[in-house]
Amino acid sequence: MFTHEATLRKSRGFRVREGPWFVRDDAGSPASMDSSGRRSAPYWSTAARAKRAAELWGGNLRVEPMTLDHWRDAELPVLAQEQLLVGINWSGPRLVGWSFTVPEVINRLIHALGESSSGRTPASG
C-alpha cells in the first residue's frame with residue numbers, strides 16, 4: 001500500500017491503479033493490535049501475499065480483492081471513523097509490517113495517483 005512514494009512502485013506498495021487484497025471469513029477481517037494497543041486492518045498488494053497471510057492465520061479465511069475506488073471511498077472512511085490503522089503488506093511468520101493512519105494513506109494515494117489535495121479523497125477522521 002502506501003509506505004513512501006518510492007515504495008509505492010516497489011513490492012511494499014500497491015500497484016497504484018489496482019486495488020488492495022484483504023482476508024476475511026464470514027465474521028469479517030482480522031484486525032491485529034500493535035504494541036501501543038491500536039488495531040490495524042491489514043491489506044496486501046497481491047492475491048499471493050494475502051493468501052500467505054490467510055494460511056498463516058488459519059481458520060476459514062479467504063482472500064478477496066477490492067477496487068481501489070471502493071477502498072478509498074468506502075473502506076478508508078470507515079477505518080478512520082473506527083480509529084483503525086491501515087496495515088500494509090504484512091509478511092513473515094508473525095505477519096508484521098507497516099501500519100499507517102488513514103490520513104497518511106490518503107496523502108500517499110494523492111501523491112501516487114497524481115491528484116491534487118482538493119481532488120477526490122474520502123473524509124478522514
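**Exercise 1.** Does Ala-31 count as buried, partly exposed or exposed, and at what relative accessibility?

*Solution.* The model is predicted: local features need pLDDT of at least 70, side-chain atom pairs count only at pLDDT 80 or more, and totals for chains, interfaces and linings use all residues. Residues are numbered from 1 along each chain as its sequence is written, and side-chain values use heavy atoms, without hydrogens and water.

Step 1. Buried means under 20% relative accessible area, exposed over 50%, and partly exposed in between (1.4 Å probe, protein chains only).
Step 2. Ala-31 has 26% relative accessibility and therefore counts as partly exposed.
Step 3. Ala-31 is located in the loop between β1 (21-24) and β2 (32-33); strands are DSSP runs of E, at least two residues, and helices are runs of H or I, at least four, numbered from the N terminus.

**Exercise 2.** Determine which residues Ala-31 contacts beyond its neighbours within four places in sequence.

*Solution.* Contact requires heavy atoms within 4.5 Å. With those neighbours set aside, the partners of Ala-31 are Arg-39 and Ser-40.

**Exercise 3.** Check the span of helix α4 (residues 102-113).

*Solution.*
Step 1. The expected span is 1.5 Å times one less than the number of residues.
Step 2. For the 12 residues of α4 this gives 16 Å, and the end C-alpha atoms are 16 Å apart, which agrees.
Step 3. Just after α4, Gly-114 adopts a positive phi of about 70°.

**Exercise 4.** Identify the buried residues of α4.

*Solution.* They are Val-102, Val-105, Ile-106, Arg-108, Leu-109, Ile-110, Ala-112 and Leu-113.
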